[in-house]
Amino acid sequence: MPRTFKATLALIGVLIVVALLAIISIAQSYQANKKIIEVNRSLGDLNRTTERILSQLESGVAVAGNAGGGAGASNDRYAAAINDPDNLLSPATDQLIAPDAVQGGTLKRLISSDPKGFNWLTENSVDVSEIQSYVHSGFARQDFNNPDNFVSDLAYMVEVNDENTEYTISLREGVYWHVPRVDFSDPKHEWLREPREVTAEDAVFYFEMAMSPQVEAGAVKGYVEDIEKLEVLDKHTFKVTWKRPVYHSRFTTLLAYPLPKWLFSRDREGNEIPEESVPVEFNTHWSADYPIGTGPYLFDSYTPSGQVVLTKNRDYFGAKPPIERIEFHIIKDPEQGFARLLSDQLDFLPSLPEPRYRSEILNGGPESPFKTGEFEHEIIDAFAYYYVGWNMDKPLFADRDVRLAMTHAFNRQSIIENVINGLGELQTGPFYYEHPANDPTIEPIPFDLEKAAELLDGAGWVDTDGDGIRQKTINGENVDFRFTLTSYNKPTVRSWVTVYREDLRKIGIEMRGDFVEWPLMQRRMDDKQFDAFTGGWGLSWFNDPYQIWHSSQADIPKGSNRVGFRNAEADEIIETLRVTFDNEERTQLLRRFHQIVHEEQPYSFFYAPKQTVAWNPRLENVVFQKIRPQTTSLPWYIDESGE
Amino acid sequence: MFTYILKRVLLMIPTFAIISLIIFLVLNLAPGDPAAAANPDGTETVSQDARESYRIFKEQFNLDKPILLNTRYGLTIEDVEEPLRVVADFQRPVCAEGAPVTPECTPADERPMSADIIAAQEEVENYGNYAVPHLIALAQNHERLDIRRLAVQRLAINAQRPQVDRFNPDPSDELRESNRAIAAENNQLRSWSIPQDVTPEDVDTILEEKWLPWFNANIERFEYSAADKVGIFFFDTRFAKYWENLLTLNFGVSTVDRRPVFDTVMQKLPYTMTLSFFSILIAYLISVPLGIWSAYNQNTKRDQVVTIALFVLYSLPSFFTAVLLIQFFAVGRPFSWFPAGGFISNNSENMAVLEQMGSIAWHILLPLICLTYGSLAALSRYARTGLLDVIRADYIRTARAKGLAESMVVLKHAVRNGMIPILTLLGTLLPTLVSGSIVIEFIFNIPGIGLYLYESIYMYDYNAIMACLLMSTVLTLIGLLLSDISYALVDPRITFD
């Protein structure tokens with residue numbers, strides 16, 4: 001069949017156009033469908049709200065403010081409980097929410113990774129914990145101004161016996177779980193519609209799950225294993241009994257939170273799961289996609305690699321935050337985060353990339369958006385510290401003088417100033433530098449190569465063969481002082497390791513930097529395949545050095561005492577600390593512990609990192625807290641007019 | 001032709017198997033383990049004794065199994081005793097200096113290193129069920145009490161069975177029931193452990209009352225026939241388990257978020273496919289005419305300028321251009337015409353379809369530029385040589401001699417024949433449709449396959465990496481086949497018969 005060239009072209013063209021039109025029409029009808037479902041859903045929501053308002057009107061209660069909370073009588077009870085001397089909870093001194101705050105608006109902030117699911121107990125990455133702090137509430141929370149104090153959250157009253165082993169906790173009444181944001185157009189979800197009250201059952205369920213060996217709650221397992229029994233006393237009261245008095249029972253009990261037992265013991269259709277299977281299925285329970293809590297914000301939606309959206313909870317029992325909606329944009333490249341801030345796609349950046357801090361703030365000319373007032377910034381503590389750990393099980397670093405020499409040869413202050421642009425505080429021990437436990441009288445070990453050389457000479461490390469490297473005879477063998485520093489592969493680490501290596505070479509030590517990724521690094525540490533490594537610990541306000549420093553932790557698989565620190569006095573202090581509840585006494589013990597660690601130098605403590613937060617000035621009342629989550633947005637508000 | 005295609009398709013199967021074996025081996029032999037969490041800033045939180053969780057994790061993802069071949073059915077009692085002895089030696093107090101060496105203490109110089117203990121514990125743990133008969137025997141008969149005690153403690157862990165098909169989102173009733181039974185049995189076995197300070201009688205009691213009756217009742221689990229042994233040898237391994245899933249098109253579950261990898265890949269595919277499709281389309285739309293034009297103006301100044309310009313573009317790394325483009329056109333230095341990244345605007349759910357398409361186009365223009373310009377040079381060179389090959393052919397001269405218009409000569413006669421090689425190249429581009437670009441997706445924060453692969457590699461998420469790579473493999477194989485077939489279709493001179 002003869003066909004002209006032009007006709008063929010025309011045919012192809014027509015086909016393409018038809019295909020495109022088909023795709024568009026399919027997409028359009030799909031979208032229309034989705035919208036109809038959504039409209040249906042919001043109609044359903046509306047109906048339920050109306051019903052509730054009507055029923056409340058009928059029962060003669062005015063529809064005002066505190067809809068979810070209890071009536072006046074229980075409020076009085078809560079107020080009285082706060083003044084009860086037996087109550088472990090103290091009145092809050094932190095007034096988070098400003099009275100003149102502008103209501104409404106959307107806060108767009110950043111998280112740097114995709115959440116791995118929203119099961120509050122098994123998932124404890126920083127990002128998910130941050131989201132949890134908005135969506136859920138604990139029994140108590142730490143006072144932001146005075147983190148040693150616990151203030152009321154879901155519980156209004158906590159009593160403990162004199163031995164510090166029995167905690168009796170009374171929960172507020174009339175607090176309801178959020179309704180999970182499932183697709184209600186599907187009738188199988190009907191059973192989830194009705195809001196349910198938080199009960200002591202839910203509270204106990206948290207501990208049961210945390211203690212169950214089948215639940216992958218690695219982060220809290222060790223803390224809850226000393227619990228002896230759990231009792232539900234009545235609908236809103238429960239009791240946690242510990243086998244013996246341990247200090248961490250205090251925050252483990254009080255900072256815990258309820259988990260919805262009615263949800264986790266049922267499958268998607270609402271059928272009961274057999275009791276033996278509940279802990280196993282807990283890890284992968286379907287509801288982790290629709291997390292619920294009792295907090296000031298409702299979990300709205302999560303688009304993978306897109307964003308996590310929270311909306312304000314109108315039935316929240318506490319003071320309601322001004323901002324209506326929070327979007328956590330998931331952005332993996334820090335540079336992209338900064339670009340989005342500049343192009344107004346983000347309001348708040350929790351951590352400005354270090355090179356940007358240097359170019360825009362430190363060296364930024366008058367044109368810099370941080371100088372012109374286009375953006376604001378502040379430097380806050382990241383609540384962590386970095387260190388170099390010495391494997392004390394290796395003959396090389398078994399000698400305390402050698403480790404001390406290594407710290408003397410480590411030009412820490414200069415590295416902080418020149419490599420990380422001053423975004424760090426020199427660390428002398430394992431505690432947060434502003435925590436009372438950090439002994440302020442301890443002077444940082446100065447950078448002093450001569451002193452280091454002297455210490456090495458004294459320890460028997462002398463360069464006898466003149467090749468520039470020190471030697472020592474260990475077990476009849478002549479060993480050179482060469483070792484490998486297993487380092488975390490990051491540009492900053494690479495730069496400072498080079499500086500350190502040069503300084504060590506000057507005193508006759510050859511160090512090789514081996515830069516590896518995190519999974520490999522973990523493996524090497526688990527196998528104890530290292531001479532020394534670069535590490536970092538996140539800090540907590542409650543100090544329990546057991547995990548990292550007790551000698552028993554040096555030889556268990558995956559233990560955290562990787563350097564093999566074994567010190568009898570330290571062990572004794574750590575054990576005493578575990579049963580000491582008095583803050584004064586604790587501070588004394590912790591300071592003594594700090595001194596021991598300082599003398600022994602199992603780590604060369606390096607620095608506590610600081611981060612630069614940056615935000616658009618349309619955010620008002622941007623205050624930061626002393627403890628995590630430091631950048632909680634509850635007090636903030638958005639003032640569009642105030643630009 | 002048909003036999004040819006059939007042969008090729010059949011050949012693809014062993015090729016695919018071998019490729020998957022190679023990828024699997026490289027992944028599994030690489031040092032390091034799948035990590036449960038990323039650690040971007042290099043700080044850890046103190047996590048409390050996650051030992052049991054770690055064991056379950058290993059078990060779920062078959063990481064406790066040998067990689068290729070399993071000989072654990074032939075474990076001897078010595079294999080199991082050895083690691084127990086290491087742990088027991090470590091747990092004994094060290095002999096006081098000068099005091100005589102007694103069985104109650106370990107001489108100081110024989111005390112195992114902590115790395116050895118960790119390895120020993122891991123070893124017994126990985127033996128799983130296979131060690132159970134030997135642990136029973138050790139608990140009954142060993143001359144050292146501490147080893148008997150350890151054997152009982154190990155039994156309480158090793159005798160447990162893993163849950164079957166645990167991540168199945170929609171388990172059948174039988175599966176539910178069998179898992180419930182396993183969970184119930186595990187709970188029981190776990191409780192039959194004993195504390196550190198026990199007498200020989202305690203060990204005897206728990207053995208008599210609990211372990212021996214249980215062991216005898218379930219003895220068939222631990223007796224392996226010759227057929228069982230062959231089965232275990234080949235099939236109770238990481239690789240076999242992986243393939244078992246693969247045969248049912250199941251790519252397994254991500255070690256990171258415990259979701260089926262296949263779902264995640266499907267969800268990310270549209271982003272990558274949109275980008276790659278338009279990138280290939282635009283690359284062809286620009287480079288084919290450009291190549292023809294170059295060939296037509298062969299060796300003139302204009303041709304040289306275009307060639308040099310294309311090669312300059314070719315040598316600019318795309319991550320560099322990407323950052324520059326964002327700087328110039330997205331963040332207001334000097335322009336903010338385009339968004340700095342992402343695939344679609346946030347409020348897209350409220351947009352009409354055309355608006356959505358507009359929003360996507362606006363978002364992906366910059367990434368598209370970065371993805372496309374690099375391939376222009378190669379493609380236009382192909383087009384240019386393709387045309388040069390035919391432009392001096394006799395039939396072109398004939399066409400001109402017939403008095404056809406020059407445009408007709410070039411477009412109809414020369415181009416149609418000269419473009420054969422460039423058409424067949426299309427087949428080989430198929431895999432790029434799904435593999436995406438790691439760098440561009442990272443810089444522009446586009447949630448596609450490239451970014452997913454990048455993250456998975458950092459987390460050692462074996463199943464996810466395998467899924468991404470195997471998809472590319474399949475498409476490469478298909479693409480090669482298609483391009484071979486298209487040769488025959490386009491050019492009648494080529495046949496496969």
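Some conventions come first. Residues are numbered from 1 along each chain as its sequence is written, and chains are lettered from A and ligands numbered from 1 in the order in which they are written. As the model is a predicted one, local features need pLDDT of at least 70 and side-chain atom pairs count only at pLDDT 80 or more, while totals for chains, interfaces and linings use all residues.

Let me turn to confidence. pLDDT is the predictor's confidence in each residue, from 0 to 100. Its mean for chain A is 89, and 96% of the residues of chain A reach 70 or more. Residues 62–71 of chain A, however, stay under 50, and the model has 14 contacts for them beyond four places in sequence. Two residues are in contact if their C-beta atoms, placed from the backbone, lie within 7 Å.

Next, the overall picture. The C-alpha atoms of chain A fill a box of roughly 95 × 90 × 55 Å along the principal axes. Chain A has 18 helices and 23 strands; these are DSSP runs, H or I of at least four residues for helices and E of at least two for strands, numbered from the N terminus. Of its 643 residues, 41% count as buried, where buried denotes 20 or more other C-beta atoms within 10 Å of the residue's own, exposed 12 or fewer, and partly exposed in between, with C-beta atoms placed from the backbone. Among contacts in chain A with a separation of 6 or more, 68% come from residues 24 or more positions apart.

I now come to the domains, whose bounds come from an automatic or database domain assignment. Domain 1 of chain A comprises 79–89 + 100–296, and domain 2 comprises 384–610. Their C-alpha centres lie 37 Å apart. Ten residues of domain 1 of chain A are in contact with nine residues of domain 2 of chain A. On the domain 1 side, helix α6 (residues 248–254) of chain A gives the largest share, three residues.

Which sheet order do the five strands of the open sheet follow? The order is β18-β17-β19-β13-β20 of chain A, with mixed pairing; two strands pair if DSSP finds at least two bridges between them. Strands β18 (510–516) and β20 (603–605) of chain A stand at the edges with a single partner strand each, so one side of each has no neighbour in the sheet. Within the sheet, β13 (residues 384–390) and β19 (residues 532–538) of chain A run antiparallel and are joined by seven bridges. One residue pair to locate is A:Tyr386 and its bridge partner in β19(A), A:Gly536.

Helix α14 (residues 491–506) of chain A lies across β17 (482–488), β18 and β19 of chain A, at about 165 degrees to β18(A). Axes here are lines fitted to C-alpha atoms, for helices over the stretch in contact, and angles run from 0 to 180 degrees between N-to-C directions.

Finally, the contact with chain B. Here 62 residues of chain A are in contact with 65 residues of chain B. The elements of chain A that each supply at least two residues to this side include α1 (5–58), α15 and β19.
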